[in-house]
Amino acid sequence: MTDRIRVLVLILIMAMGFFLVTGTTIWFLYNAAFDSVSIRLAETARSNARLIEAIAREEASHAGLHEGRIEDAVLGHVLEAYSQYEGWGETGEFTLARRDGELIVWVLEHRHDPTGRPQPVPFESELAEPMRRALNNLSGTMVGLDYRGTMVVAAHEPVAEVDLGIVAKMDLEEIQKPFLKAGLFAIGFSFLVVVGAGVLLVRVSNPLIEELQERSLKLEDTVAALEDSEERYRTTFELAAVGIAHISPKGRFIGLNRRFCEIVGYAHEEIAVLTFQEITHPEDLA
């Protein structure tokens with residue numbers, strides 16, 4: 001791998017690091033915002049359900065009111081209370097419905113329906129899943145399709161006293177939109193930072209790379225010269241007319257030439273396992 005390729009790989013790793021950190025940060029922020037919206041919706045649905053139940057109990061405490069009139073009276077109060085309620089954000093909405101046979105019938109006007117009140121939805125339809133859960137006496141939060149077929153974050157709560165269901169919801173797209181914009185901006189900004197840093201890195205590293213390449217060439221020339229010198233030395237050593245041997249302090253033969261073997265009368269393999277003391281006359285050792 002050349003030095004320039006290493007620089008490009010470094011820039012690529014730096015870009016991946018930028019995008020990973022940015023994406024992870026936005027993801028955690030989105031999850032925090034999603035959880036915050038879910039909690040707010042749940043509190044809204046729960047508090048409104050308990051309020052409607054309190055109104056129903058108050059109406060039931062009046063003498064002479066039977067069950068049908070209680071529901072009518074409660075709905076009258078609720079419709080009056082929410083007649084001016086527009087929801088929150090761009091898509092936030094509060095819905096109230098009851099089950100009429102196999103239909104979900106809405107009792108409040110909805111901001112997203114041009115007629116004011118949506119058409120009933122079959123109870124077994126894929127639409128209005130949050131409200132269907134509320135009418136099945138289930139409470140909680142979820143992501144699912146509302147009566148329009150739009151994916152929403154919704155909190156659903158049953159209203160026990162009058163057999164109604166209540167849902168507080170917001171389009172999932174509204175929650176995601178600012179984070180998608182932030183993500184695109186962050187990616188674009190990170191791209192510009194990486195490109196700028198890459199250009200700066202290339203400009204700074206180019207002289208270093210050229211210097212390293214020059215030193216590498218000089219080192220290769222030096223190594224080649226040493227190899228040539230060593231080869232000439234070995235040739236001189238082997239072909240010398242006199243016997244030459246390299247011996248360790250303990251008398252072991254480290255290197256010897258052919259002429260030395262001829263003088264002492266041993267083959268190279270034989271003398272390699274002997275010591276200088278073993279092949280030298282004792283009187284000559286000193």
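Colleague: How many bridges pair β1 and β6, and in what sense?

Modeller: This is a predicted model, where local features need pLDDT of at least 70, side-chain atom pairs count only at pLDDT 80 or more, and totals for chains, interfaces and linings use all residues. Residues are numbered from 1 along each chain as its sequence is written, and side-chain values use heavy atoms, with hydrogens and water left out. Strands are DSSP runs (E, at least two residues) numbered from the N terminus, and two of them pair if DSSP finds at least two bridges between them. For β1 and β6 the sense is antiparallel and the number of bridges is six.

Colleague: Which residue of β6 is the bridge partner of Arg98?

Modeller: Arg98 stands opposite Val105 in β2. In β6, the partner of Arg98 is Leu164.

Colleague: Which strands stand at the edges of the sheet?

Modeller: The open sheet has six strands in the order β3-β2-β1-β6-β5-β4, with antiparallel pairing. Two of these strands have a single partner each, so one side of each is left without a neighbour in the sheet; they are β3 (121–122) and β4 (140–145).

Colleague: How many residues of strand β6 are buried?

Modeller: Buried means under 20% relative accessible area with a 1.4 Å probe, protein chains only. Both faces of β6 are covered, with Leu164 among the buried residues on one side and Lys169 among those on the other. Strand β6 (residues 164–171) is largely enclosed by the rest of the structure, because the buried count is eight of the eight.

Colleague: In the hairpin of β5 and β6, which residue takes a positive phi?

Modeller: Strand β5 (residues 151–159) joins β6 through eight bridges. Their hairpin has four residues between the strands, and the positive phi, near 55°, belongs to Asp163.

Technical notes. Buried < 20%, exposed > 50% of the residue type's maximum accessible area, 1.4 Å probe, protein only.
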